[in-house]
Amino acid sequence: MLRKTVALLSCLCSLSLSAAPVVLHNIQGYGFDEQRQLVKFQTLVFDNETGQVLARGDSTLRQQYAQATQWDGQGKTVLPGLIDGHGHVLGLGDYLNQADLRGISSEKQSAASVAAFAQSNPKQQWVMGRGWNQVLWDSKAFPSKTSLDEMVADRPVYLVRVDAHAAWVNSKALALAGITKDTIDPPGGEIIRDANGEPTGVLIDNAMGLVQSKIPAPTNEDKEAALDKAFAHLLALGITSVHDAGVSSELAALYQQLQQQQQLGVRIYPMLSAKDPQLADWFKKGIVDDQTDWLDIRSVKIYGDGALGSRGAALLSDYSDRAGQQGLLVTQPDALTEIMRLTIGAGFQANVHAIGDRANRLALDRFEQLSPLADLAKARHRIEHAQIVSPKDIPRFKALHVLPAMQAVHATSDMNMAGDRLGVARLRGAYAWRTFIDQGSIIVGGSDFPVELANPFHGLHASVTRQDQQNQPEGGWMPEQRLTLVEALRSFTVDAAYGAFQEDKMGHLQPGSWADFILVDRDIFNVPATELWQTTTLETWIHGKQRYKK
């Protein structure tokens with residue numbers, strides 16, 4: 001299925017491009033120069049055989065390539081292909097095949113939606129879904145197995161919270177996993193219980209694995225079908241490359257197979273999962289540097305803590321709305337030290353998931369302890385999310401050459417509960433994009449799909465406005481942390497490429513770079529910032545070939 005879809009996308013070309021070069025003229029083009037400064041151009045010349053940009057400039061450039069294929073862009077806006085610096089490709093494909101609970105406003109309605117999905121998919125052994133968020137419900141309370149049991153009792157139900165750090169299950173799933181009143185919480189996880197100690201049906205972080213391990217493993221055919229959907233979805237959004245955060249050896253091997261068959265839908269920069277039992281074998285083989293940049297394997301996703309919405313983010317002091325609770329360390333400190341040591345020692349990039357201020361400090365401390373400063377400057381290690389950071393630790397990112405890989409839409413998604421969880425004082429170091437930029441840090445932008453929607457223009461909008469799509473709150477949430485549109489676009493292009501050691505060839509559309517670009521329906525630099533999220537991708541090109549056309 002995947003092979004057929006990619007072949008179909010290749011055939012979508014509106015031009016019969018049989019020979020290089022190609023001159024795309026009459027466009028409003030935007031890219032970046034070697035100093036990461038915005039550059040405008042009206043003509044883009046690329047080689048559709050080698051997949052590289054040959055030149056860019058004004059309309060006179062056409063004369064130098066008079067014998068080339070000429071393509072009139074009809075005044076459309078051209079941007080570098082957008083790079084999502086933190087997503088989950090297989091998770092996105094699965095999400096597109098499951099019950100979608102995003103945005104539903106109550107537990108009862110969510111359970112009803114699951115029941116409707118189950119009725120429409122009677123052959124599925126497990127009823128799977130994603131996207132519930134109790135913060136959006138009037139009750140603000142975690143849901144219960146009871147509401148699911150009333151709707152679906154004959155099959156196990158497993159529903160992942162919007163942030164992927166909690167699961168809501170029915171009694172059938174609890175029984176299959178053997179979870180009872182006497183089950184002990186696993187390290188780094190919590191089984192939510194009622195006043196009598198009985199499991200309620202909500203599992204936090206590592207406790208999710210108790211049920212997850214009982215779900216039948218997908219076949220390679222299942223994975224290919226999910227990837228097929230995900231690739232098509234990403235291409236339609238203008239995404240040409242993804243940093244896939246936390247892949248198994250099996251998925252990495254499948255990516256390698258697809259790359260060898262030239263069947264990858266988008267460029268993939270996979271972070272190997274630190275939990276993968278075959279990680280040591282990858283370290284022995286060393287990094288994989290693909291000269292075409294379709295699949296560079298040189299990083300590891302390391303898991304520090306949970307998420308803020310489920311109170312799993314590890315904090316230095318108690319949650320403001322839950323005395324005595326400071327979150328969860330998914331990887332205990334000694335184990336975190338060891339996996340970071342092994343990753344750094346093998347010459348791989350260490351990308352640590354850290355949302356809470358305690359998790360961020362633990363990661364920074366270990367980078368400082370485990371690697372000389374000169375090596376850190378070359379290694380481009382990352383902290384994924386860097387959501388809540390003690391103000392005294394923010395300068396350490398720059399001093400230690402650690403990149404913050406941040407997702408702009410998290411701020412506008414979390415703003416309705418972040419103050420409750422953290423209180424006013426800790427917000428000074430939360431979602432602090434402007435503070436990072438002003439100190440000279442390079443932000444790797446992304447969405448964390450399918451936790452958030454994959455649309456990168458939602459991230460650009462959130463970066464610039466600090467508002468939701470209803471333009472709330474007025475003036476923006478913590479507006480002092482807003483970015484300019486140029487800074488925001490950098491984070492999804494050349495700066496994201498830097499976070500994957502790919503900035504020489506991607507994200508800027510300079511001569512010699514890969515011809516990865518998109519055509520969109522508006523000039524994003526000449527529309528109100530409040531409309532940025534409405535931008536639509538018309539065409540997506542990767543390596544000089546058209547992969548999507550609206």
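User: What makes a residue count as touching Gln52, and which residues do?

Analyst: This is a predicted model, and a contact here takes heavy atoms within 4.5 Å. Leaving out residues up to four places away in sequence, Gln52 touches Phe46, Asp47, Lys505, Gly512, Ser513, Trp514 and Ala515.

User: Why is Gln52 called partly exposed?

Analyst: Its relative accessibility is 25%. Buried means under 20% and exposed means over 50%, so Gln52, at 25%, counts as partly exposed. Gln52 is found in strand E5.

User: What does the sheet with E5 look like?

Analyst: It's an open sheet of four strands in the order E5-E4-E1-E6, with mixed pairing. On average, neighbouring strands are turned by 20 degrees against each other, ignoring direction.

User: Why are E5 and E6 called edge strands?

Analyst: Strand E5 (52-57) and strand E6 (69-72) each have a single partner strand, so one side of each is left without a neighbour in the sheet.

User: How do you know that E1 and E6 pair?

Analyst: Pairing needs at least two bridges between the strands. Strand E1 (residues 22-25) and E6 have four bridges, in the parallel sense, so they pass that cut-off. Across from His25 you'll find Asp72 in E6.

User: How far is Phe367 from Gln52 in sequence and in space?

Analyst: Phe367 and Gln52 are 315 residues apart in sequence and 36 Å apart in space, going C-alpha to C-alpha.

User: Which residues of H16 are buried, and what covers them?

Analyst: In helix H16 (residues 418-426), the buried residues are Ala418, Arg421, Leu422, Gly423 and Arg426. The cover over them includes H12 and helix H15 (408-414).

User: What makes you say that both faces of E12 are covered?

Analyst: Take strand E12 (residues 166-169) one side at a time. Ala166 and Trp168 are on one side, Ala167 and Val169 are on the other, and all are buried.

User: How do you know that E12 pairs with E11 and with E14?

Analyst: It's the cut-off of at least two bridges again. E12 and strand E11 (residues 157-161) have three bridges and run antiparallel. Three bridges also join E12 to strand E14 (residues 199-205), again antiparallel. Both pairs therefore meet the cut-off. For landmarks, Tyr158 has Val169 in E12 as its bridge partner, and Ala167 stands opposite Leu203 in E14. In the hairpin of E11 and E12, with four residues between the strands, Ala164 takes a positive phi near 70 degrees.

User: Where else is there a positive phi in a residue that is not a glycine?

Analyst: His385 has a positive phi of about 95 degrees, and its place is in strand E19 (residues 382-385). Met478 has one of about 50 degrees, and its place is in the loop between H18 and H19.

User: Why do His385 and Met478 count as buried?

Analyst: Buried means under 20% relative accessible area. His385 is at 3% and Met478 is at 12%, so both are under the cut-off and count as buried.

User: Which peptide bonds are cis, and what are their omega values?

Analyst: The bond from Phe449 to Pro450 is cis, with omega near 0 degrees. Pro450 is in the loop between strand E21 (444-446) and helix H18 (456-465). The bond joining Gln472 and Pro473 is also cis, with omega about -5 degrees. Pro473 is in the loop between H18 and helix H19 (485-491).

Methods:
Residues are numbered from 1 along each chain as its sequence is written. This is a predicted model: local features need pLDDT of at least 70, side-chain atom pairs count only at pLDDT 80 or more; totals for chains, interfaces and linings use all residues. Side-chain values use heavy atoms; hydrogens and water are left out. Helices (H or I, at least four residues) and strands (E, at least two) are DSSP runs, numbered from the N terminus. Axes are lines fitted to C-alpha atoms, for helices over the stretch in contact, and angles run from 0 to 180 degrees between N-to-C directions. Buried means under 20% relative accessible area, exposed over 50%, partly exposed in between (1.4 Å probe, protein chains only).
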